[in-house]
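Welcome! Open your viewer, keep the selection tool handy, and follow along one stop at a time.

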Amino acid sequence: MQRYAGIDIGTNSMRLLLAELEDGKFLSRTKETITSRIGEAVDRKGIITPGGMERSIESFEALAHKAKEFRAIKTFAIATSALRDAENREEFIQGVFERTGVKIQVIDGKREAGLGYRGVLLGLESPKKAQLKTLLVDVGGGSTEFILGLGEKLDRLTSMDIGAVRMTDRLGENDRELYYTVEKSFKNILSDLKNKEIDQLIGIGGSITSLAAIHQKLQVYDMEKVHNYILSLEQIHKIKQNLLGMTLEERKQVRGLNPNRADIIIAGIIILLVIMEGLAIDKITVSEYDNLEGLIYEEIQ
């Protein structure tokens with residue numbers, strides 16, 4: 001048995017996976033999330049703000065320390081949309097390396113999508129489901145990835161610069177504007193995917209896992225209860241309408257919703273609704289295996 005750690009630096013949050021593996025199989029997994037908002041102004045200004053820089057370096061340092069306490073023999077780290085777009089990303093990468101000794105890989109959208117798909121395959125509850133025509137959607141803070149595959153064979157990987165933080169920064173919680181902008185952005189890809197005879201839709205990312213936790217009214221987030229949870233289109237619509245009718249402070253009290261995600265959850269939900277409606281798919285399976293599991297699995301092979 002060997003211990004590994006993986007850190008994912010997203011636009012909204014930074015996530016840590018601590019895992020024990022044997023012969024390439026996950027024996028145990030724990031995750032922790034810190035809302036660092038490294039991408040809070042990247043869409044508008046093209047840079048990580050000084051506050052976002054220091055806050056995110058400190059967050060990474062805290063997660064790297066936990067990996068060390070876990071006695072991980074290796075810590076792998078990836079950064080996605082916000083760092084891809086930030087002109088001053090090297091300042092962050094160097095600051096992290098100086099404090100922790102961990103090297104960060106800034107990966108492109110296709111690599112991000114591929115890691116997510118690999119992680120999801122590892123977490124499917126049955127070998128039979130792993131052989132179905134699968135569309136994986138990863139709704140992140142800065143981007144959304146679409147991954148279409150059959151078994152281990154990938155057919156299409158697409159990354160779009162549409163995410164919960166990015167759209168909230170642009171449009172706030174304007175329901176109509178969010179729908180219109182996302183629909184317009186996704187029009188071509190959804191039109192193409194609609195003809196692919198998809199057997200199952202699977203979702204990863206904080207907006208989607210939050211929906212599963214909200215629907216179950218989880219007082220404490222539970223990976224096992226969220227993983228492989230099925231949500232219907234109707235249930236997602238009801239959650240969105242309930243949240244829209246609340247003030248931000250009321251929303252922060254909702255069971256299952258991380259208070260630090262309360263201000264961006266509407267945009268995240270709308271992105272998912274546009275996808276499901278555009279593809280005429282009425283249910284989605286939520287996965288708690290994602291690009292972190294995919295990262296560790298691929299790196300140790």
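Is T285 buried or exposed? T285 counts as buried, because its relative accessibility is 14% (buried means under 20% relative accessible area, exposed over 50%, and partly exposed in between, with a 1.4 Å probe and protein chains only).

Before you go on, a word on what is on your screen: this is a predicted model, where local features need pLDDT of at least 70, side-chain atom pairs count only at pLDDT 80 or more, and totals for chains, interfaces and linings use all residues. Residues are numbered from 1 along each chain as its sequence is written, and side-chain values use heavy atoms, with hydrogens and water left out.

**Stop 1: around T285**

Select T285 and you are in strand β11, residues 283-286. Helices (H or I, at least four residues) and strands (E, at least two) are DSSP runs numbered from the N terminus. Now show the neighbours of T285: leaving aside residues up to four places away in sequence, it touches L201, I202, G203, N228, Y229 and I230. Contact here means heavy atoms within 4.5 Å.

One of these neighbours, N228, is worth a click. N228 sits in the loop between α9 (223-226) and β10 (229-232). Its phi is positive, about 65°, although N228 is not a glycine. Most residues other than glycine have a negative phi. For another such case, select R37, whose phi is near 50°. You will find R37 in the loop between β3 and α1 (42-45), and with 16% relative accessibility it counts as buried.

**Stop 2: aromatic rings**

How many aromatic pairs does the structure hold? There are three. Rings of Phe, Tyr and Trp (its six-membered ring) pair if their centres lie within 6.5 Å; planes under 30 degrees apart count as stacked, over 60 as edge-to-face and the rest as tilted.

Select F26 and Y289, an edge-to-face pair with 6.2 Å centre to centre and 90° between the planes. F26 belongs to strand β3 and Y289 to the loop between β11 and α13, so this pair ties together parts that are 263 residues apart in sequence. Both F26 and Y289 are buried.

Next, select F146 and F186, which are also edge-to-face, at 5.1 Å centre to centre and 90° between the planes. Because F146 lies in strand β7 (144-150) and F186 in helix α7 (175-193), the pair ties together parts 40 residues apart in sequence.

A charge sits over a ring if NZ of Lys or CZ of Arg is within 6 Å of the ring centre and within 35 degrees of the ring normal. R3 does this too, over the ring of F70, at 4.8 Å from the centre.

**Stop 3: helix α13**

Select residues 291-300, helix α13, where seven of the ten residues are buried. They are N291, L292, E293, G294, L295, I296 and Y297. These buried residues pack against β1 (2-9), β2 (13-22), β3 (25-35), β4 (74-79), β5 (104-106) and α5 (109-123).

Finally, show α5 beside α13: the two pack at an angle of about 90°, with their axes 6 Å apart. Axes are lines fitted to C-alpha atoms, for helices over the stretch in contact, and angles run from 0 to 180 degrees between N-to-C directions. Among the α5 residues that meet α13 are R111, L115 and L122.
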